[in-house]
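Please look through the sequence and the model below before reading on.

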Amino acid sequence: MIRRFAADDGRLRLVESDAGERVVWYDLLQPTPDEEALLERRLGVDVPTREDMEEIEVSSRLYY
């Protein structure tokens with residue numbers, strides 16, 4: 001599942017789609033391979049798998 005959030009007056013607001021919105025945060029909850037691939041293409045980044053994330057120390061998981 002992909003949830004998208006846009007900035008709205010200093011707060012995050014859940015939005016239904018990217019269309020017409022400036023999405024600033026994507027939240028992935030048990031994403032399917034197709035959802036991961038979609039975000040990788042759209043954002044031009046490699047989305048780490050759950051296994052990849054488990055190998056990273058908690059303090060190093062946040063990056064941009």
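In this predicted model, the side chains of Arg 13 and Glu 21 meet in a salt bridge, with a distance of 3.2 Å from N to O; the term salt bridge stands for a side-chain nitrogen of Lys or Arg within 4 Å of a carboxyl oxygen of Asp or Glu. Side chains of opposite charge can pair when their charged atoms come close. Arg 13 is partly exposed, with a relative accessible area of 31%, and Glu 21 also counts as partly exposed, at 31% relative accessibility. Here, buried means under 20% relative accessible area, exposed means over 50%, and partly exposed lies in between, using a 1.4 Å probe and protein chains only.

Residues are numbered from 1 along each chain as its sequence is written, and side-chain values use heavy atoms, with hydrogens and water left out. Since the model is predicted, local features need pLDDT of at least 70 and side-chain atom pairs count only at pLDDT 80 or more, while totals for chains, interfaces and linings use all residues.

**Salt bridges**

| Residue | Partner | N to O distance |
|---|---|---|
| Arg 13 | Glu 21 | 3.2 Å |
| Asp 27 | Arg 3 | 3.3 Å |
| Asp 18 | Arg 4 | 2.8 Å |

In the salt bridge between Asp 27 and Arg 3, Asp 27 lies in strand 3 and Arg 3 in strand 1, so the pair ties together parts that are 24 residues apart in sequence. Asp 27 is partly exposed, with a relative accessible area of 28%, and Arg 3 counts as partly exposed at 36% relative accessibility.

Asp 18 and Arg 4 also form a salt bridge, their closest N and O atoms being 2.8 Å apart. This pair links distant parts of the chain, with Asp 18 in the loop between strand 2 and strand 3 and Arg 4 in strand 1, 14 residues apart. Both Asp 18 and Arg 4 are buried, and a network of salt bridges links Arg 4, Asp 18 and Arg 42.

**The fold and its interior**

The protein has 2 helices and 3 strands, where helices (H or I, at least four residues) and strands (E, at least two) are DSSP runs numbered from the N terminus. Read from the N terminus on, the elements run β-β-β-α-α. Of the 64 residues in the protein, 17% are buried. Among contacts between residues at least 6 apart in sequence, 22% join residues at least 24 apart, a contact being defined as heavy atoms within 4.5 Å.

Which residues does Leu 39 touch, not counting residues up to four places away in sequence? They are Ile 2, Tyr 26, Leu 28, Gly 44 and Val 47. Leu 39 is found in helix 1 and, at 2% relative accessibility, counts as buried. Leu 39 and Ile 2 are 37 residues apart in sequence, and their C-alpha atoms are 9.1 Å apart in space.

**Loops with positive phi**

Asp 9, in the loop between strand 1 (2–8) and strand 2 (11–15), has a positive phi near 55 degrees, and Asp 9 counts as exposed at 75% relative accessibility. Gln 30, in the loop between strand 3 and helix 1 (33–43), has a positive phi of about 50 degrees although it is not a glycine; Gln 30 is exposed, with a relative accessible area of 63%.

**The surface**

The protein exposes about 5,500 Å², of which carbon and sulfur atoms supply 50%; accessible areas come from the Shrake-Rupley method with a 1.4 Å probe, and for residues only the protein chains shown count as cover. Patches are made of residues with over 30% relative accessible area and no salt bridge, where like charges are joined within 9 Å and nonpolar side chains (Val, Leu, Ile, Met, Phe, Trp, Tyr) within 5 Å.

Leu 12, Val 24 and Trp 25 form a nonpolar patch on the surface, with about 310 Å² of accessible area together. Val 24 lies in strand 3 (residues 23–28) and is partly exposed, with a relative accessible area of 39%.

A negative surface patch is formed by Asp 46, Glu 51, Asp 52, Glu 54 and Glu 55. Lys and Arg count as positive and Asp and Glu as negative, while His and the chain ends are not counted; the place of a charge is taken as NZ of Lys, CZ of Arg, CG of Asp or CD of Glu. Glu 51 is found in helix 2 (residues 50–54) and counts as exposed at 51% relative accessibility.
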